[in-house]
Each structure stands twice: as C-alpha cells, then as structure tokens.
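This briefing covers strand pairing and aromatic contacts. Please have the sequence and the structure open while reading.

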Amino acid sequence: MAPDLAAYARDGFLVLEGFVSVEECDALQARAAVLVAAFDPGPARTVFSARDQGHARDRYFQESGGAIRFFFEEAATDQPVAQALNKIGHALHDLDPVFDRFSRQPRLAELARALGLAQPLLLQSMYLFKQPQIGAEVGWHQDAAYLHTRPSTVTGFWIALDDADRDNGCLMALPGAHRGPLRERFLREDGRMVTRRLDASPWPDVAPVALEARRGTLVVLHGLLPHASAPNRSSRARHAYALHLIDGRADYPADNWLQRPDLPLRGFT
C-alpha cells in the first residue's frame, strides 16, 4: 500500500501498522541478544544521556558513526549488561549481516523513494532498548539537529519491536511542527562536540500526539519534526530499531557529529 503522502506533508509523521512481520521482529531481537552476550564493556561503561550529552566528550561515542558500539543507561551502570543498555549504534546496518539484510530490503527502499528520497542513503542505525523501570526520557528534538544536510533531507524509520504505548515510553510528536525552522545543531567544532542554537523560538503550541505502535509498526519521522519519548516506568521493555536516511543529492557537511571516515555511505543496493 502506498504511503499517505498528504498526511505525511500535513503531520510530519506516518504510522504504518504491520509493516514488519513478527518473524522479522523476532530475528532482530535475537540478533541484538547475541551481540549483547558477546559484548564485554571492560572497566568503563559509556553512558548515553539525551539530557546532558556528557557522552559527547567520549571518543568511544565520537567514533561510533562507523562502528557497532554499546551505550548504557545513566541510571544503570551497575546492572547486568543486558538489563543496563540504552542502545547499540550507529552502523549496525552496514557491519552486521542480520541488520544489513533487514535494513536493505526492497520494501524499505520503495518507501524511501515514495517519500521523495531520490538517492536514499542509509546513514545511521540504532537498536533502542528502553529498559523496564529505568529507560530514560528522550526530550523534544529534531533529527536534523544531529544529521544535517543542505537542504534538510534526513528521514527516520522507527520500527516497534515490542508494543509501544504511553506506559512504556512510546514516541510523542508535535503534528505539523516540521514546517518550522531547525532550532539547533549538534556538531563538531574545533575538535569538540557542541550544540549550537540556530533559532530560539519555542516549539509550536500544539497538543502532543502519542504515537502508540503495536509490534511490527513502522513510524516515519520527518527530520524537522519535534518528537520525544517519556521514560519507561513499566515492567515491560520497549525495544525498537531506528534507521536514518538522507538523500545523496544533498550536501552532508563535514562538521556533522556522525562521520564515517573508513566506511563508505551506501544506499539500498
């Protein structure tokens, strides 16, 4: 079924139920479990925090654009690894065969082109855990703040591998707010990671919408759409897999935080 392009233009998001099969969800979760079981964090654990981004000073994070790296929840550095991770990123789609095969399937390529990405490139991937009880809040943000192109083309494919609802921290969005400006950029400047304010105007005064999603749902997110997620205080996990695409016709500035010096940027083939 063709995506509802009018709804996407109006709202800045699409919720495509049943896009991914139960078997595919099982396969991604099983593969993530294998990767986690093989991971030895050693004496230091790199925390990912959407709140203060202190991890940005960490070389382990800065070089993750072309690698498979593991990041811990801020509140769980003393928990067993499998119960403490925030995410795996950011090149699963290139460096792991299971995630590569899933990420480059024809249905995703067709969706990308239908959304207007004439030369879609797979830039970033993340396996998101949103652990029970401790999964942290992700504040309001625009993906284009982190993955900037000129013109702006970044598009997110967010796939629910578990049922996602208000109780376990589903996505929240401000419908229509993607028509506003880019508010800030997270970038490299003089060897450091910094956040630069571009526009101080507040988010539009519209009611947030909860993007509740059954397992197997794919949520499309416009790069300028403000979105967030609440903490997971439930007893249920909220695993998800996220892909971020850009159009190869656009310029990808060298000051973007995510760089892949040893890994070519590829499309679906």
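Which residue lies over the face of Phe-71? Lys-87 does, at 5.8 Å from the ring centre. The model is predicted, and the points below are grouped by topic.

**Around Tyr-60 and Phe-71**
- The structure holds 10 aromatic pairs.
- One of them joins Tyr-60 and Phe-71, which counts as edge-to-face because the ring planes stand at 65 degrees, with the centres 5.6 Å apart.
- This pair links distant parts of the chain, with Tyr-60 in helix α3 (residues 59-62) and Phe-71 in strand β2 (residues 68-72), 11 residues apart.
- Phe-71 is buried, at a relative accessible area of 0%, whereas Tyr-60 is partly exposed at 24%.
- The face of Tyr-60 also carries a charge, as Arg-69 lies over it at 4.8 Å from the ring centre.

**Other aromatic contacts**
- Phe-61 and Trp-257 are stacked, with 4.5 Å between centres and 10 degrees between planes.
- Phe-61 lies in helix α3 and Trp-257 in the segment after β13 (240-247), so this pair ties together parts 196 residues apart in sequence.
- Both Phe-61 and Trp-257 are buried.
- A cluster linked by ring pairs is made up of Phe-99, Phe-102, Tyr-127, Phe-129 and Tyr-241.

**Strand β11**
- Strand β11 (residues 218-222) is mostly covered, with 4 of its 5 residues buried.
- β11 pairs with strand β1 (residues 13-16) in the antiparallel sense over 4 bridges, and Leu-221 is the bridge partner of Phe-13.
- β11 also runs antiparallel to strand β6 (residues 155-160), joined by 5 bridges, where Gly-156 stands opposite Leu-221.

Definitions and conventions. Residues numbered from 1 in each chain as written. Predicted model: local features only at pLDDT ≥ 70, side-chain atom pairs only at ≥ 80, totals over all residues. Heavy atoms only, no water. Buried < 20%, exposed > 50% of the residue type's maximum accessible area, 1.4 Å probe, protein only. Helix = DSSP H or I, 4+ residues; strand = E, 2+ residues; numbered from the N terminus. Pairing = 2+ DSSP bridges. Phe/Tyr/Trp six-rings, centres within 6.5 Å; stacked < 30°, edge-to-face > 60°. Lys NZ or Arg CZ within 6 Å of the ring centre and 35° of its normal.
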